[in-house]
Amino acid sequence: KYVGKQQIDQVGCYVFDVTPKQMEKNKRYFKGRIWVDTAALEIVVTDGWMLPDDTKPGHQDLHPPFITWRQQIDGHYWFPVYSKGEGLLHFTGGSGYMAEDVHIREIVKYSDYKRFGTSTTILYNGQDITTNGNPPAGQPKK
């Protein structure tokens with residue numbers, strides 16, 4: 001759902017409230033608000049939480065709400081640079097354990113992004129076919 005426009009630092013952003021249309025079992029989803037750069041159309045900030053929490057006693061997988069900021073790293077792509085999650089998680093107990101509320105704070109800082117690159121050689125029957133992508137003349141494609 002489009003909410004409007006807002007400035008994040010010096011970046012003009014479109015603001016959206018997002019929620020999954022449907023949820024499938026054993027998959028994780030995001031619900032919250034995102035800010036998208038009006039020029040690059042890249043996500044600048046996400047603020048929300050993961051869905052669904054697994055609340056089965058003995059198997060609980062709970063997550064606090066979190067916010068993540070992204071920056072343009074290589075002049076083209078936007079990558080996370082800082083995430084902070086904080087909240088009170090309500091564990092139900094089970095198997096003889098008491099129910100417990102746990103305050104959690106997570107901070108993740110991302111840095112030193114490096115472009116990954118590689119070179120490859122394609123061999124077909126011992127011959128390098130990297131340049132044209134086809135097997136040598138008279139040979140069938142495998």
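In this predicted model, L41 is placed in the loop that runs between β3 (29-37) and β4, where strands (E, at least two residues) are DSSP runs numbered from the N terminus. L41 has a positive phi of about 55 degrees although it is not a glycine, and L41 counts as exposed because its relative accessibility is 58%, exposed being over 50% relative accessible area, buried under 20%, and partly exposed in between (1.4 Å probe, protein chains only). A positive phi of about 55 degrees is also found at D112, again not a glycine, in the loop between β7 (100-109) and β8 (123-124); with a relative accessible area of 63%, D112 is exposed. In the loop between β4 and β5 lies P52, and the peptide bond leading from L51 to P52 is cis, with omega near -20 degrees.

Residues are numbered from 1 along each chain as its sequence is written. Local features need pLDDT of at least 70 and side-chain atom pairs count only at pLDDT 80 or more, whereas totals for chains, interfaces and linings use all residues, and side-chain values use heavy atoms, with hydrogens and water left out.

Strand β1 (residues 2-8) pairs with β2 in the antiparallel sense over six bridges, pairing being assigned if DSSP finds at least two bridges between two strands. The two strands form a hairpin with two residues between them, and D9 in the turn has a positive phi of about 55 degrees. The bridge partner of I8 in β2 is V11.

Strand β2 (residues 11-18) also holds C13, which counts as buried because its relative accessibility is 1%. Leaving out residues up to four places away in sequence, C13 touches G4, K5, Q6, I8, W35, V36, D37, T38 and V44, a contact being heavy atoms within 4.5 Å. The C-alpha atoms of C13 and E42 are separated by 9.3 Å, although these residues are 29 residues apart along the chain.

C13 belongs to the largest nonpolar core, whose eight residues are I8, C13, V15, W35, V44, V45, I67 and W78; such a core is a set of buried Ala, Val, Leu, Ile, Met, Phe, Trp, Tyr and Cys residues joined through side-chain atoms within 4.5 Å. At least two residues of this core are supplied by each of β2 and β4 (43-51). Beyond its neighbours within four places in sequence, V44 is in contact with I8, V11, C13, W35, V36, D37, T68, W69, R70 and W78.

Methods: Helix = DSSP H or I, 4+ residues; strand = E, 2+ residues; numbered from the N terminus.
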